[in-house]
Amino acid sequence: MITQCAIFTSEKELFELTGLNHNELWDNGFDLDDWDIGFCCDKKLNPKKEFWLLNQMKNYCCGYKMIEYQGFYYYIVYHS
């Protein structure tokens with residue numbers, strides 16, 4: 001069960017969550033090109049239980065990427 005979730009819509013908000021600057025975000029696998037929104041969870045989403053949400057991110061955007069960093073899971077949704 002997810003007990004903590006945060007939404008971020010800017011690199012500044014992502015910095016506040018991770019403490020990483022622009023270059024450090026890239027170095028840790030955060031792809032900052034053409035993204036719209038992201039969210040961070042303390043547990044990895046279970047594809048069977050969260051199928052609808054993951055499917056929407058794939059169908060109505062151009063997909064998403066999950067990055068695990070310091071025990072949190074960051075999901076970034078891309079538009080192109």
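The radius of gyration here is taken over C-alpha atoms, and the globule rule is 2.2 Å times the number of residues to the power 0.38.

**View 1. The whole chain.** This is a predicted model, where local features need pLDDT of at least 70, side-chain atom pairs count only at pLDDT 80 or more, and totals for chains, interfaces and linings use all residues. Residues are numbered from 1 along each chain as its sequence is written, and side-chain values use heavy atoms, with hydrogens and water left out. With 80 residues, a compact globule would have a radius of gyration near 12 Å, and the protein chain agrees because its value is 12 Å. Its elements run β-α-α-β-α-β-β from the N terminus on; helices (H or I, at least four residues) and strands (E, at least two) are DSSP runs, numbered from the N terminus.

View 2. Searching the whole structure turns up six aromatic pairs. Rings of Phe, Tyr and Trp (its six-membered ring) pair if their centres lie within 6.5 Å; planes under 30 degrees apart count as stacked, over 60 as edge-to-face and the rest as tilted. F8 and Y74 make a tilted pair, 6.2 Å centre to centre with 55 degrees between the planes. F8 sits in strand β1 (residues 5-8) and Y74 in strand β4 (residues 72-78), 66 residues apart. Both F8 and Y74 are buried (under 20% relative accessible area; exposed is over 50%, partly exposed in between; 1.4 Å probe, protein chains only).

**View 3. F30 meets Y74.** The ring centres of F30 and Y74 are 5.3 Å apart and their planes are at 75 degrees, so this pair is edge-to-face. F30 lies in the loop between α2 (22-27) and β2 (35-41), 44 residues from Y74.
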